[in-house]
Amino acid sequence: MMKVTSLPADDNSCGWFHLSRPRKPKPAHEGHSTARWVIVGAGFTGLAAARQLALNFPNVEVVLVEAQEVGLGPSGRNAGFAIDLPHDIGAEDYIGDIALAKSSLKLNLAGQSILRDLVDQHGIDCQMKACGKYQAAVEDRGIAVLEAYRRGLDKLEQPYQMIEQDELPNHLGTHFYRKALYTPGAVLLQPSALVKGLADHLPANVTLYERTPILEVEYGAKTVLKHANGSITADNLILANNSFGMRFGFLKGRMLPIYTYGSITRQLTSEEQAQLGGKPYWGAIPADPFGTTVRRTPDNRLLIRNSFSFNPDGRSDSRYNERFIRRHKASFDKRFPMLPNVNFEYTWGGALAMTRNHNGFFGELAPNVYGALGCNGLGVTRGTVTGQLLADWLAGQRDERIDFLLNAPGPNSNPPQPFLSLGVNANLKWGQYRAGRES
Ligand SMILES: Cc1cc2nc3c(=O)[nH]c(=O)nc-3n(C[C@H](O)[C@H](O)[C@H](O)COP(=O)(O)OP(=O)(O)OC[C@H]3O[C@@H](n4cnc5c(N)ncnc54)[C@H](O)[C@@H]3O)c2cc1C
């Protein structure tokens, strides 16, 4: 048996989790059982894979195992942007190779449409709004990014609107930004409410076990997954646990558990809403990737997301939450000086499984072991679509999207420790320093 050397441990302070409908978690697995399909990880990727496998094999039980409660992990604690457009930060115009960009766009749109359909079909109350997103800049460097991305969007034939400084307060309330590129295709949502809803509307032949961390694994003709109160023997194992896939012996050192942090305010009073102005809900991502994401939610809260730390074991570390809440407050005050008395109700951190070449993994990891891992901060749409397509591929289907994912190069390798930590930490520090007023 191989020990799973690190287990997820997300902090209990995620605003989205506590502000969404409370639900009773499904019971943990106990005893010894067998299943044809077992999926580890009930985030966007695992939920989509489980749903689609169950639909593809309606007479077979599909087992989905989650270490924590659904909605508490990274899928429930992100900024809630279901993004359509590709954004290749390595390319001069942020679009790069047009064929790759078109395939990427197709995948993201498919992910959005899967989620939209499920929300409609099951009436999931998750504040889903097809309101687009602003990419906002304040520094000269940020403005140059918007101009370059505009050229990329022209090349990709995607619509956008460039909004100048004097117009921006009508959109976002704040006078902070100098320019923004508005793209209409992004969908905003309350991520924890969505994953809770998805988990509660799985097909009847999916059995979900929560609070069941897999502690040990034995590979062979079948895979044995051991937990504290028993084991599950799988004909086929699907890893949908993002960077924790490395703890199951795969893609070692290729995914980087980089944490980023969010804070959400209390609800604004109607007087404060009038002082803020702008549209009733919106989302703005920074022109600089190390800058600050901001949202005004449909229930009138403001969200700030910025700051990064490298947590090699993939687990949260409360010292960072305490440190970054001050940075969140400073970012809030710069943008919203008209709201001096609005404090944060919740602050939390969460892991992005980043890869150096921004490619995730999709396909076979070992005989009878498969994975869709490494969502690179795009897991809402990308995790959803890759989870679903993995299930289709396992049911013998092929299409151009599956071929694209199977033929993609996958995550590249990284230097060993301690050089890895030194390099990543230096990069994060430098990036955050360079973001300047965008932070
Ligand atoms: C603050 C923040 C903001 C972000 N903003 C966005 C955004 O706006 N848009 C976007 O698309 N993405 C965003 N992301 C990234 C997004 O959250 C991830 O890409 C997404 O959660 C990946 O989904 P997933 O299902 O692949 O993995 P996860 O959500 O990480 O789910 C994997 C699950 O596996 C479980 N697991 C791990 N190990 C085990 C084990 N041993 N046994 C059992 N279960 C296990 C974990 O508990 C976890 O719930 C953000 C992330 C953060 C932290």
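Predicted model: local features only at pLDDT ≥ 70, side-chain atom pairs only at ≥ 80, totals over all residues.
β6 and β7 belong to an open sheet of eight strands. The strand order is β6-β7-β5-β14-β15-β16-β13-β17, and the pairing is mixed. β6 (161–164) and β17 (344–354) form the edges, each pairing on one side only. On average, neighbouring strands are turned by 25° against each other, direction ignored.

**Helices on the sheet.** Helix α4 (residues 140–156) packs on the sheet and touches β5 (133–137), β6 and β7. Its direction makes about 30° with that of β7. Helix α8 (residues 318–335) lies across β13 (256–265), β15 (293–296), β16 (302–310) and β17. α8 runs at about 135° to β16.

**The ligand.** There are 36 residues around the ligand. Thr-45, Glu-66, Ser-75, Ala-79 and Phe-81 come nearest.

| Residue | Protein N or O atom | Ligand atom | Distance |
|---|---|---|---|
| Thr-45 | side chain | oxygen | 2.7 Å |
| Ala-67 | backbone | nitrogen | 3.0 Å |
| Ser-75 | side chain | oxygen | 2.6 Å |

The protein covers 96% of the 1000 Å² of accessible area that the ligand has on its own. Elements giving two or more residues to the shell are α2 (44–56), β17 and α9 (379–394). β17 gives the largest share, three residues. By class, the shell has 19 nonpolar, 14 polar and three charged residues.

Technical notes
Residues numbered from 1 in each chain as written. Heavy atoms only, no water. Pairing = 2+ DSSP bridges. Helix = DSSP H or I, 4+ residues; strand = E, 2+ residues; numbered from the N terminus. Axes fitted to C-alpha atoms, helices over the stretch in contact; angles between N-to-C directions. Contact = heavy atoms within 4.5 Å. Near = heavy atom within 4 Å. Polar contact = N/O pair within 3.5 Å; in protein donor to acceptor, adjacent residues only side chain to side chain. Areas by Shrake-Rupley, 256 points an atom, 1.4 Å probe, with all protein chains shown as cover. Nonpolar A, V, L, I, M, F, W, Y, C, P; charged D, E, K, R; others polar.
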